[in-house]
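Please look over the sequence and the model below before reading on. The briefing that follows goes through the chain as a whole, then a group of strands, a helix, and some positions annotated in a record.

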Amino acid sequence: MMLYWSVRKVKKLKTITPHLDYVEAPCEYALDCGGCKSQNLLYEAQIRAKEQQVRELVVHVGKFSDKHPEFASIMKPIVPCDTQFYYRNKMEFSFGSKKWVPEELLQEEHVGTNDYALGLHAPGFFDKVLNVTKCLLQSEPANKVLAAVQDCWRDPQIGLSPYDVHSHAGFLKHLMLRTGRDVETGLPELMVNFVTSSNKPELLKPLVERIATIPEVVSVVNNVNTSVGNTSVGEEEYTLYGKSTITESLRGLTFQISANSFFQTNTHQAEILYKLVEDCANLKGDGSEVVLDLFCGTGTIGLTLARRVRHVYGFEVVVEAISDARRNAKLNGISNATFFQGDLNKIDESFGNKFPQPDIVIIDPNRPGMHMKLVKFLLKLKAARIVYVSCNPATCARDLDYLCHGVVSISISIKVFRLLISVICPYYNLYAA
């Protein structure tokens with residue numbers, strides 16, 4: 001069998017009849033930006049669409065029958081968020097040497113340094129950036145910082161240049177903004193992270209001095225990434241102003257967060273999520289249970305359970321996140337939590353020797369889901385309960401199939417699975433990183 005794929009660019013000419021759930025997108029960039037895809041769809045309709053998407057993946061990829069009498073009671077409805085904007089505590093913007101401009105505005109644009117951009121990638125382009133001066137997803141203090149940087153970074157006297165992904169020349173790669181809260185005052189505090197291609201703090205000094213005047217800014221760091229890749233994690237990190245972490249409060253605990261540590265991006269909804277995790281863990285309440293917290297990040301989930309169990313053992317690949325997790329345990333007076341740094345994609349037979357038999361396993365992987373080595377380990381472990389927290393319903397459904405239905409002829413089935421997905425569902429890569 002031979003498969004041929006054709007890519008065509010399509011453009012909307014006009015709307016004949018608007019969709020019943022159509023709403024006017026509040027963001028001026030919504031039609032052109034790669035960040036939000038559904039702002040012109042009623043929020044309730046977005047929830048219905050996402051719920052249907054998860055349901056179909058669980059049935060077709062996870063191989064769970066929706067005809068089963070218990071299916072309806074197991075598939076719970078989505079928990080909507082009270083706030084639809086300004087909820088993200090982390091946003092990453094890219095510097096670009098090629099500004100992407102909608103076709104209808106091309107005649108109004110001029111070449112030169114105006115071609116530089118700071119914003120979000122245009123849909124389908126890794127090398128073109130839509131210039132953004134305000135984002136409705138992040139906090140107002142973060143938008144203040146974005147506006148301040150936009151106001152001065154192109155100034156020729158400062159001598160800054162954006163990184164070019166083709167020539168690999170240029171200095172500025174990303175601007176990452178993280179919002180937390182002062183746990184005593186409840187006021188927002190902001191971390192600004194400049195990701196650059198080399199360590200030249202003198203070039204960043206004018207920007208640092210400018211944004212340090214914004215009261216909410218308590219931390220400015222510089223991640224230096226010398227690789228030709230355009231990732232936002234640096235090989236080295238330097239604190240240029242204030243402290244190296246920001247704080248946040250979740251479920252009565254205080255967490256310190258560094259630039260590269262994972263933390264749930266919707267703080268308000270994380271409170272609800274962690275309560276659901278605790279409910280699903282079905283703790284006895286007698287402090288006798290052992291919890292294995294995989295992909296633990298800064299330790300948020302495990303630490304929120306620690307006071308009701310005997311011990312928590314957390315594993316995470318990011319060194320900075322493990323440092324944060326240990327610091328957060330100490331900060332909250334929690335002594336029954338142990339955190340290990342290690343790659344869960346590379347575990348061996350000795351992995352299970354690092355902790356006693358767990359009663360509950362918490363899994364919170366990134367978008368690719370679990371490696372087969374970990375799946376096989378969990379199948380042998382036979383823990384009484386596994387709680388899987390997912391940011392990607394496609395890989396979650398795949399992993400649930402393996403965990404609940406077992407693994408047969410792994411080497412063959414994965415190839416067949418990938419082939420079927422590429423034929424039946426060519427947009428699969430939207431869900432799988």
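Helices (H or I, at least four residues) and strands (E, at least two) are DSSP runs, numbered from the N terminus. This is a predicted model, in which local features need pLDDT of at least 70 and side-chain atom pairs count only at pLDDT 80 or more, while totals for chains, interfaces and linings use all residues. Residues are numbered from 1 along each chain as its sequence is written, and side-chain values use heavy atoms, with hydrogens and water left out.

**The chain as a whole**

- The secondary structure of the chain comes to 10 helices and 14 strands.
- Of the 433 residues of the chain, 46% count as buried, where buried means under 20% relative accessible area, exposed means over 50%, and partly exposed lies in between (1.4 Å probe, protein chains only).
- Among contacts (heavy atoms within 4.5 Å) between residues at least 6 apart in sequence, 66% join residues at least 24 apart.
- The accessible surface comes to about 23,400 Å², and 55% of this belongs to carbon and sulfur atoms; such areas come from the Shrake-Rupley method with a 1.4 Å probe, and for residues only the protein chains shown count as cover.

- Strand β5 (residues 188–196) is mostly covered, since 8 of its 9 residues are buried.
- Strand β4 (residues 172–181) pairs with β5 in the antiparallel sense over 9 bridges, two strands being paired if DSSP finds at least two bridges between them, and Thr179 stands opposite Leu190 in β5.
- The hairpin of β4 and β5 has 6 residues between the strands, and Gly186 takes a positive phi near 80° there.
- With strand β6 (residues 217–224), β5 pairs in the parallel sense over 7 bridges, and Val192 stands opposite Val220 in β6.
- From β5 the chain crosses through helix α4 (residues 201–211) to β6, and this β-α-β crossover is right-handed, a term used if, with the strands pointing away from the viewer, the path from the first strand over the helix to the second runs clockwise.

**Helix α8**

- In helix α8 (residues 372–381), the buried residues are Met372, Leu374, Val375, Phe377, Leu378 and Leu381.
- Just after α8 comes Lys382, which takes a positive phi of about 55°.

- Cys391 lies in the loop between β14 (385–388) and α9 (393–405), and Cys391 counts as partly exposed because its relative accessibility is 42%.
- Not counting residues up to four places away in sequence, Cys391 touches Pro365, Asn366 and Arg367.
- Gln264 lies in the loop between β9 (253–257) and α5 (267–281), and Gln264 counts as buried because its relative accessible area is 16%.
- Leaving aside neighbours within four places in sequence, Gln264 is in contact with Asn89, Ala270, Leu273, Tyr274 and Asp364.
- Phe295 is found in the loop between β10 (290–294) and α6 (300–306), and Phe295 is buried, with a relative accessible area of 15%.
- Among the residues that Phe295 touches, not counting those up to four places away in sequence, are Glu316, Asp364, Pro365 and Leu374.
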